[in-house]
Amino acid sequence: MADQSIEEIMLRPFAWGQSDCCLVVCDVLVARGYPDPAEGYRGVYGSERGARALTKGDLAKWAAELFERMGWPEIDPGDAQDNDVGLVRGFAAIRHEGRWVAKTEKGLLTTSRLASRAWRPQFILDNLSSISPACSSGARPSTGQHSLRSGPR
């Protein structure tokens, strides 16, 4: 997955539990070298009903708990930068080139609209040995020009 661009990941056909709004955001983060926040949730559900059961019908609360467990701080949505994750119009989204990008059943949602909530992905200490020294010093991975290839490996 590390060689896939955000476009390749986001343009995969929508499938609950495989390529939905939450999992594609996590796939992009993994491709950029971040730990996988969805590690324990992949393959757990395969329908909208299953997703609603998993999140107890509250994606915002579920996402907040998930990212808190990852140690990712919630930030002011107005301060969002590329690679930050957020909730936009009820969908999980990732900030890319100054816009929010989300996967929906109808296709891609891209918007500069302010997210309702946002979080800043962080590397955790267990992953520091596998990332570049620039990232372990607190620098954020580069997103490159329309590509995920420039992120840490």
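Helices here are DSSP runs of H or I with at least four residues, strands are E runs of at least two, and both are numbered from the N terminus.

This is a predicted model, where local features need pLDDT of at least 70 and side-chain atom pairs count only at pLDDT 80 or more, while totals for chains, interfaces and linings use all residues. Residues are numbered from 1 along each chain as its sequence is written, and side-chain values use heavy atoms, with hydrogens and water left out.

Next, H4 itself. Its buried residues include Leu59, Trp62 and Phe67; buried means under 20% relative accessible area, with a 1.4 Å probe and protein chains only. Among the elements covering the buried residues of H4 are H2, helix H3 (48–55) and strand E6 (117–119).

Now the core. A nonpolar core is a set of buried Ala, Val, Leu, Ile, Met, Phe, Trp, Tyr and Cys residues joined through side-chain atoms within 4.5 Å. The largest one has 27 residues, and Leu29, Phe67, Ile94 and Trp119 have the most contacts inside it. Helix H2 (21–31) and helix H4 (59–69) are among the elements that each supply at least two residues. H2 gives the most, with 7 residues.

Last, the cysteines. A disulfide is a pair of cysteine sulfur atoms within 2.5 Å, and the count is 0. For Cys26, the nearest cysteine sulfur is that of Cys22, 6.8 Å away. Cys26 is buried, at 4% relative accessibility.

Notes: Buried < 20%, exposed > 50% of the residue type's maximum accessible area, 1.4 Å probe, protein only. Contact = heavy atoms within 4.5 Å.
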